[in-house]
Amino acid sequence: FPSHDKGTSQNRKMRAMLRDLANSKPQGREMTEEDWKAVFMSAIGLKPRYTQNLDGDGIVHLGWRSSLMSKEQMSEMIELMYAYGAEHGVVWQDRN
């Protein structure tokens with residue numbers, strides 16, 4: 001299953017990059033890895049979903065499913081993360 005291996009490799013790379021973004025705090029942004037993932041998924045055109053909370057007085061974010069992204073979407077996101085990091089001084093760890 002080479003395609004599965006590629007997806008796993010891309011996912012590991014994305015997770016490592018999200019960790020580096022969170023640690024580098026570019027533009028003074030103190031965000032979690034999941035926050036950064038949401039920002040970049042939105043940047044490539046994947047939109048969040050929301051629903052009303054149980055009390056009816058607010059909304060609930062239903063989360064991001066990077067596991068449902070295509071290889072092309074994942075590649076696009078990784079390239080965007082690299083570009084953003086280069087522009088904002090993110091220190092990438094070499095984690096081959």
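**Reading a predicted protein model**

Biologist: How confident is the prediction, and what is the mean pLDDT of the protein?

Modeller: The mean pLDDT is 88, and 92% of the residues reach 70 or more. Among the elements, the highest mean belongs to α3, at 95, and the lowest to α1, at 83.

Biologist: How should I describe the overall fold, and how many helices and strands are there?

Modeller: The protein has 3 helices and 2 strands. Along the sequence they follow the pattern α-α-β-β-α. The C-alpha atoms fill a box of roughly 45 × 40 × 20 Å along the principal axes. Of the contacts with a separation of 6 or more, 57% are between residues 24 or more positions apart.

Biologist: Let us turn to charged side chains. How many salt bridges does a search of the whole structure find?

Modeller: The search finds 2 salt bridges. In one of them, the side chains of Glu 34 and Arg 15 meet at 2.8 Å, N to O. Glu 34 belongs to helix α2 and Arg 15 to helix α1, so this pair ties together parts that are 19 residues apart in sequence. Glu 34 also meets Lys 37 in a salt bridge, at 3.2 Å, N to O. Through shared partners, Arg 15, Glu 34 and Lys 37 are joined into one network.

Biologist: How are Lys 37 and Glu 34 placed along helix α2?

Modeller: The general idea concerns the helix itself. An α-helix has 3.6 residues a turn, so residues three or four places apart point the same way. In this case, Lys 37 and Glu 34 are 3 residues apart in helix α2 and are separated by about one helical turn.

Biologist: Which residue makes a side-chain polar contact with Lys 37?

Modeller: The side chain of Ser 66 makes that contact, at 3.5 Å. Ser 66 lies in the loop between β2 (59–61) and α3. Although Ser 66 is in a loop, it is buried, with a relative accessible area of 7%. Beyond four places in sequence, its contacts include Asn 11, Met 14, Arg 15 and Met 74.

Biologist: What should I look for in the nonpolar core, and how many residues has the largest one?

Modeller: In soluble globular proteins, nonpolar side chains tend to be buried together. Here the largest nonpolar core has 18 residues, and those with the most contacts inside it are Met 14, Leu 21, Trp 36, Phe 40, Met 77 and Met 81. Helices α1 (2–24), α2 and α3 each supply at least two residues of this core. In α2, the buried residues include Trp 36, Ala 38 and Met 41.

Biologist: How are aromatic rings compared, and how many aromatic pairs are counted here?

Modeller: A pair of aromatic rings is described by the distance of the centres and the angle of the planes. In this structure the count comes to 4 aromatic pairs. For Phe 40 and Tyr 84, the ring centres are 5.6 Å apart and the planes stand at 80°, so the pair is edge-to-face. Phe 40 lies in helix α2 (residues 33–43) and Tyr 84 in helix α3 (residues 71–88), 44 residues apart, and the pair links these distant parts of the chain. Phe 40 is buried at 4% relative accessible area, and Tyr 84 is buried at 16%. Together with Trp 36, they form one aromatic cluster. Trp 36 also touches Leu 18, Leu 21 and Pro 26, among others.

Biologist: Finally, is Gln 52 buried or exposed?

Modeller: Gln 52 counts as exposed, at 53% relative accessibility, since the cut-off for exposed is over 50%. Gln 52 lies in strand β1 (residues 50–52). Its side chain reaches the backbone oxygen of Gly 56 at 3.2 Å. Gln 52 also touches Gly 58 and Ile 59.

Definitions and conventions. Residues are numbered from 1 along each chain as its sequence is written. Side-chain values use heavy atoms; hydrogens and water are left out. Rings of Phe, Tyr and Trp (its six-membered ring) pair if their centres lie within 6.5 Å; planes under 30 degrees apart count as stacked, over 60 as edge-to-face and the rest as tilted. Helices (H or I, at least four residues) and strands (E, at least two) are DSSP runs, numbered from the N terminus. Buried means under 20% relative accessible area, exposed over 50%, partly exposed in between (1.4 Å probe, protein chains only). A nonpolar core is a set of buried Ala, Val, Leu, Ile, Met, Phe, Trp, Tyr and Cys residues joined through side-chain atoms within 4.5 Å. Contact means heavy atoms within 4.5 Å. A polar contact is a pair of N or O atoms within 3.5 Å; within protein, one must be able to donate a hydrogen and the other to accept it, and residues adjacent in sequence count only if both atoms are side-chain atoms. A salt bridge is a side-chain nitrogen of Lys or Arg within 4 Å of a carboxyl oxygen of Asp or Glu. pLDDT is the predictor's confidence in each residue, from 0 to 100.
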